[in-house]
Amino acid sequence: MFGQYLPKKPRRVLILGSGALKIGEAGEFDYSGSQAIKALKEEGLYTVLINPNIATIQTSDQLADKVYFHPVDPYFVEKVIVREDIDAITVSFGGQTALNCGVALDAAGVFEKYGVRVLGTPIEAVRDTEDRRRFVQRLDEINVKSARAEACHSEDEVRAAVGRIGLPVILRAAYALGGKGSRICETNDDVESALPKLFASGLPQVLVEESLRGWKEIEYEVVRDARDNCITVCNMENVDPLGIHTGESIVVAPSQTLNNEEYQLLRTIAIKTIRHLGIVGECNIQYALDPNSLDYRVIEVNARLSRSSALASKATGYPLAYVAAKLALGYMLPDLPNAITRRTSAFFEPALDYVVCKVPRWDLEKFVGVEHKIGSEMKSVGEVMSIGKTFAEALQKALRMIDIGVDGIDPHKFKFTDIRKELKEPSQRRMFAVARALHEGMTIDEVHALSRIDEFFLSEIADTVRLGRELEDHAGKELSAETLGRAKKQGFSDKGIAKRTGTTEDIVRDLRRRNGIRPHVAQIDTLAAEYPAETNYLYLTYHAQADDVQPSWRKKVLVLGSGAYRIGSSVEFDWCCVSAILAARELGFETIVLNYNPETVSTDYDVSDSLVFDEITFENVLELWERERPYGVIVSMGGQVANNIAIRLHRAGVKILGTSPESIDGAEDREKFSGLLDKLGIDQPRWTSTGKLEDAEAIAESLGGYPVLVRPSYVLSGAAMTVAHEREHLRNYLTRATDVSPEHPVVAELEGGRDRRGRRRGRNRPLGDLGAHRERRRSLG
Amino acid sequence: MQAMKLLLADGTVYEGRSFGAAREVSGEVVFNTGMSGYVETLTDPSYKGQILVLTYPLQGNYGVPAPRKIEPLAELRDKYESGRVQVQGLVVLRHSPNPSHYDNVRTLGQWLASEGVPAIECVDTRALTRKLREHGTVEGFLVDQKTSPVDARAKTEHVEMARVCAMTTVPDVIRYEGGPLKILLVDTGAKDSIVRSIVARGASVIRVPFHKDLRPYLKECDGVLLSNGPGDPKDMLSTVEQLKTAVFPSGKPIFGVCMGNQLLGLAAGGNTVKLKYGHRSQNQPVQDLLTRRCYVTSQNHGYVVDDESLPAEWEPWFVNVNDGSNEGIRCRTRPWASVQFHPEAAPGPEDAAFLFDDFLRLVGSTRV
């Protein structure tokens, strides 16, 4: 049946993608676009996609009927509309790029000219949300409070507006992605220094907003159909207070510190606002909430699928993009089934019985001289999502998932010269600064006063720090089953416990198993067990006493995903992973996916037979291996994250499918690899490997002096690989290499000769070509 | 922290730690899937006599606000739904000992202990909920770790379910001034938010305990509101009788909520049945059968009106989108209607609050 609230059924629908991945627009739009195409194709519509990003699932041949690898810009889109005889278009599944393109096409009269209908939210409503002045005006019409802001078109206007609103203020560019170019100004000097940069980039409008720094930042994901049925699928609370972009913040779902009154106040306003704006489909509304009263401000509405909606989909199991596409076609929410239970309706609000935690991943270390502080502009390149029964369990998992070489909440990992400053002016290491401060005995009140993180979160972190210290006190002694159980419930990994108690991961695992402390599998079912779920969307937790589902007896494979997007590993690994799943399914295997990146298609629960949304670690894979007894594990689709544990899994008796773990090791371990080249008589630069920092300097001299190329083992795309021009460089880089690849510490290799660009430097003779290595360097995305 | 266990009538044991009062109790074990609003939920009189399982794993995050001031009684300016914690006992996965909120003065555990209500944490509430879903609600015993199953039945305190309404209704008539329209609230264990909802809309409320003769109050009021309440509606046949003999003949507009829906259904000549495990959550979708509009509602009930049993002059008004059960009834010929969900929310979504506006508009237009 076709949606009854669309007057005429379209035939040929154009979907706009989001183009190249960039900061603020990444894999999540591949996920939402893919779901939309699926939803449209189910209706028998001919789908045409424009997206120049070849690494995406949506552009692979099994999805859209036709794909144009063209830029998502008005010129090309118009050409495609004509050529493909398009009669309907969706602009809300391709991020800001698609939305802006849609607005431009509408303004140019293209849609009218060719009779193209915009499915879902009307462009007029999009303009209301994007143009700040109109937005505030629309909210005023229904007495909803928005942040006081003024749109300015010149430097003088900005100065005058700052005078009226009062410092501190946020300067922000209109129509910008990920808070690009925005900054908080505390003083008039800050304003003056920001001004030239803002207007120099040719922006037509600059917004001056009151700064609500320290307020809670809360988001709701809202869905509305054309018949005005409206629900909020999920609410999320930023652990970091307002002032830090939501893409830079640690986010939890559902909100943890809102009471019923606050929760419902914001929910009611969300529904009122979305109805007034006339959005059809999905949108996201962000609030600032005063931590000391019921005062609030609406910060913004995103009239499209966003990074937050991808997160909300994965956090709740509610397929937002799919539902939004169906609503755009005129379906009513109660007509659609709940995709997880298949027996209840899509018109409901998921009840979670777990905590979801999102942590962003930054790659700021890759850039020299870049500001490491985080603020109102987005810098993170990826994110991870973890699921646990408590905030501590989820947060510790997430901090490990971002794969920066930390074992959860670790107060010792980073050194802070001025901890108070670090708390006050957050960098990407702020959680570790919080842990350090609490470890050093700073009170929760003090940390709160500096960081403005809610005391609830801080006391949960403090509990974890305390337990970590208790573990350290046990160093050398065997842990009691009770302490070990508590540590596992608090989210400590076997490795983390081993490190703190001065033993090995294997010993901790043995102890755990002897005491019957095993994780259980819990289902994400959208209704907190009120109705049975038909879908195997799972996570592991130590808080459960029983498994929700039993493993099947079918022949199955476990596919490991690639984890967080980062520079050098992004949506292409998701493509690999999904393709592997589809191939395995075709061969009759049951497929299980282990991955934790919410921005991917592989973590869509209907891609595989079951999805385990959890850490990709030796510990977890072994647990799953023993529970599920699959035919084998596919590691080759998971990039570096999966590769790094292959040899250990192999040694522990796990069957690795594809390239043998010894061969993987031979390629990844630089010493073995260079040794192999020597054995085969293949030319390569002079090299020596070392396990010690102290030796490295002597070796550098023996290779003929600086510059030398330093390359650690088991790392991604040249992470921590560099050319050292002098002794000091070498020392610094080797220290960092151990951070990036702690598993295979200082097995660094020194190659004398050319630098990365292959140019000759100094008096050293080049001894080979580094072309092969250069090829492995990828740009972002 | 003292070890404690939840013992189900079928012999299943869930071990955990005590964080409330040191008492041993028994009662029907029910679960609620709401993620926020434990203060409102725990003081909801409809939970009288039941052991409540909250499926959201973290409870007590924002603490508990200051206790209710006794005077003046006619002002209900707080988040409590009644003067005390109504549940027999509480079961959660984790109780937050360090709450944070500007309104917070005490932890959830301290509050429960001060009210003499036992509570247990570290229970796998999901496994427990699945059990309740599959087997229906069962009797449970919240007891000390060492108590044997035989002793549990003998020595735990329980509430006589036939008397729960009498225990939760107000002791005597209370009048709340709000405006010229007067609404008679038949209190079978009413949530205070129902009173707040009416008063906030500019009408006065005469709150009368259900066992009083309603006739004297009917004369001075313009409309009748039937409240929610705990237990089986069939234990309330005297009130059903009052509806038939006194309220119906008066011809005044009637609006019922939750148990009010069941009582109105019984008075209309219909029947009520017990659901396997009830609806207790803040995300129940209901559809208005006239307008086809849908609302997300807050619910708390174990019994439901049987649509099939309704006489010809009555019809279903709302239906549950998930399981098709009745969510409201209306009379085709008279201004009498009721809903099974809670339009006053607290806790939960306020989507259906307009029903109070509609009711008062109706009352205003039929006023003589």
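Student: What separates the centres of domain 1 and domain 4 of chain A?
Tutor: Taken over C-alpha atoms, the centres of those two domains of chain A are 41 Å apart. The bounds, 12–119 for domain 1 and 357–514 for domain 4, come from an automatic or database domain assignment.
Student: What should I know about the model and the labels?
Tutor: It's a predicted model, where local features need pLDDT of at least 70 and side-chain atom pairs count only at pLDDT 80 or more, while totals for chains, interfaces and linings use all residues. Residues are numbered from 1 along each chain as its sequence is written, with chains lettered from A and ligands numbered from 1 in the order in which they are written.
Student: OK, sheets. In what order do the four strands of the open sheet in chain A come?
Tutor: The order is β6-β9-β7-β8, with antiparallel pairing. Strands here are DSSP E runs of at least two residues, helices are H or I runs of at least four, both numbered from the N terminus, and two strands pair if DSSP finds at least two bridges between them.
Student: Why is one side of β6 and of β8 left without a neighbour in the sheet?
Tutor: β6 (149–152) and β8 (183–185) of chain A stand at the edges with a single partner strand each, so one side of each has no neighbour in the sheet.
Student: How many bridges join β7 to β8 in chain A?
Tutor: Three, and the two strands run antiparallel. In that pairing, A:Val169 stands opposite A:Cys185 of β8(A).
Student: What comes just after α1(A)?
Tutor: A:Gly44, with a positive phi of about 80°.
Student: Last one: how many residues does each chain give to the contact between A and B?
Tutor: Chain A gives 43 and chain B gives 40, where contact means C-beta atoms, placed from the backbone, within 7 Å. On the chain A side, α9(A) supplies the largest share, six residues.

Notes:
Two residues are in contact if their C-beta atoms, placed from the backbone, lie within 7 Å.
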